[in-house]
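Reader: I would like to learn how to read the features of a structure one by one, with the general idea given before the particular case. Could we work through one together?

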Amino acid sequence: MVSTHYHYDHTRGNDLYPRAAIVAYRTVPASMHAEDGNFWSSRHHGGPAMNDRIPRR
């Protein structure tokens, strides 16, 4: 799943797919928590991991 940016209408459905790999630009996880932290604090599997990165080629 690709979270193109942090807005709730693009990310709040992520937690409906707990087994999906979630990919996003490196600033998206922090922005999701900064803008919508109360929602994400109880949904740890719905956002891209803060430290998961795709290596550059």
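**Reading burial, contacts and pairs**

Author: Let us begin with a single residue, keeping in mind that this is a predicted model. At 18% relative accessibility, D36 counts as buried, because the cut-off for buried is under 20%.

Reader: Where in the chain is D36 placed, and which residues is D36 in contact with once its neighbours within four places in sequence are left aside?

Author: The place of D36 is in helix 2, and, with those sequence neighbours set aside, its contacts are Y8 and R12. For D36 and R12, the C-alpha atoms are 9.7 Å apart in space, while the two residues are 24 residues apart in sequence.

Reader: How should I read the meeting of the side chains of R12 and D36?

Author: The general idea is that side chains of opposite charge can pair when their charged atoms come close. In this case the side chains of R12 and D36 meet in a salt bridge, with 2.9 Å from N to O. R12 lies in the loop between helix 1 and strand 2, whereas D36 lies in helix 2 (residues 28-40), so the pair ties together parts that are 24 residues apart in sequence.

Reader: What does a search for aromatic pairs find, and what sits over the ring of Y25?

Author: A pair of aromatic rings is described by the distance of the centres and the angle of the planes. Here the search of the whole structure finds 0 aromatic pairs. The ring of Y25 does have a charge over it, namely the charged end of R26, which sits 5.8 Å from the ring centre.

Reader: In what order do the elements of the chain run, and how many helices and strands does the chain have?

Author: The chain has 2 helices and 2 strands, and, read from the N terminus on, the order of its elements is β-α-β-α. Strand 1 covers residues 2-3 and holds S3, a residue that is buried, with a relative accessible area of 1%.

Reader: Which residues is S3 in contact with, leaving aside its neighbours within four places in sequence?

Author: With that exclusion, S3 is in contact with H10, T11, N14, I22, V23, A24 and V28. For one of these, V28, the C-alpha atom is separated from that of S3 by 7.8 Å, although the two residues are 25 residues apart along the chain.

Reader: Which residue is 28 residues apart in sequence from R43, and where is the place of R43?

Author: That residue is D15, and the C-alpha atoms of R43 and D15 are 6.7 Å apart in space. The place of R43 is in the segment after helix 2, and R43 is partly exposed, with a relative accessible area of 26%.

Reader: Which residues form a nonpolar patch on the surface?

Author: The nonpolar patch is formed by M1, L16 and Y17, which together have about 330 Å² of accessible area. L16 has its place in the loop between helix 1 (8-11) and strand 2 (23-24), and, at 63% relative accessibility, L16 counts as exposed.

Reader: What do the totals for the chain come to, taking accessible surface, buried residues and contacts in turn?

Author: The accessible surface of the chain comes to about 4,500 Å², and 51% of this belongs to carbon and sulfur atoms. Of the 57 residues in the chain, 25% are buried. Among contacts between residues at least 6 apart in sequence, 42% join residues at least 24 apart.

Technical notes. Residues are numbered from 1 along each chain as its sequence is written. This is a predicted model: local features need pLDDT of at least 70, side-chain atom pairs count only at pLDDT 80 or more; totals for chains, interfaces and linings use all residues. Side-chain values use heavy atoms; hydrogens and water are left out. Patches are made of residues with over 30% relative accessible area and no salt bridge: like charges are joined within 9 Å, nonpolar side chains (Val, Leu, Ile, Met, Phe, Trp, Tyr) within 5 Å. Accessible areas come from the Shrake-Rupley method with a 1.4 Å probe; for residues, only the protein chains shown count as cover. A salt bridge is a side-chain nitrogen of Lys or Arg within 4 Å of a carboxyl oxygen of Asp or Glu. Helices (H or I, at least four residues) and strands (E, at least two) are DSSP runs, numbered from the N terminus. Buried means under 20% relative accessible area, exposed over 50%, partly exposed in between (1.4 Å probe, protein chains only). Rings of Phe, Tyr and Trp (its six-membered ring) pair if their centres lie within 6.5 Å; planes under 30 degrees apart count as stacked, over 60 as edge-to-face and the rest as tilted. A charge sits over a ring if NZ of Lys or CZ of Arg is within 6 Å of the ring centre and within 35 degrees of the ring normal. Contact means heavy atoms within 4.5 Å.
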